[in-house]
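Open the model in your viewer and keep the selection tool at hand. The tour below moves from one selection to the next.

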Amino acid sequence: MSEETGTLLESIIRRLRAMQFDHRSEEQTRYFEQFGVEVCKVTLNQATGEWAVQDARTAPAFCYDNMDMVAVAVYDALTEFKAVF
């Protein structure tokens, strides 16, 4: 794994963990951007522990129950967008 890959994954995981620990509302949402363009939206339902990842280019959201899988989905979306851009 390159240093750039590790740094990107670490920053994604930090943001996802912040969502887990923020209990101000039942639903947490974060937007992930590349070059100032929204690439995907992640929503966490605190009550159920369900994560939803919606790619800005596609309509359906994909649901996960594992934060690691969410991190991989976000990483893939960001690197794919960067490669196309």
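Select strand 2 (residues 37-45) and strand 3 (residues 50-55): they pair in the antiparallel sense over six bridges. Strands here are DSSP runs (E, at least two residues), as helices are (H or I, at least four), numbered from the N terminus; two strands pair if DSSP finds at least two bridges between them. This is a predicted model, where local features need pLDDT of at least 70 and side-chain atom pairs count only at pLDDT 80 or more, while totals for chains, interfaces and linings use all residues. Residues are numbered from 1 along each chain as its sequence is written, and side-chain values use heavy atoms, leaving out hydrogens and water.

Next, pick asparagine 45 and its bridge partner in strand 3, glutamate 50.

Alanine 52 has cysteine 63 in strand 4 as its bridge partner. Strand 3 and strand 4 also form a hairpin, with five residues between them.

Move on to phenylalanine 85, in the segment after helix 2 (67-84). Is phenylalanine 85 buried or exposed? Its relative accessible area is 62%, so it is exposed (over 50%; buried is under 20%, partly exposed in between, with a 1.4 Å probe and protein chains only).

Last, select arginine 15 and phenylalanine 32: the charged end of the arginine sits over the ring, 4.2 Å from its centre (CZ of Arg or NZ of Lys within 6 Å of the ring centre and within 35 degrees of the ring normal).
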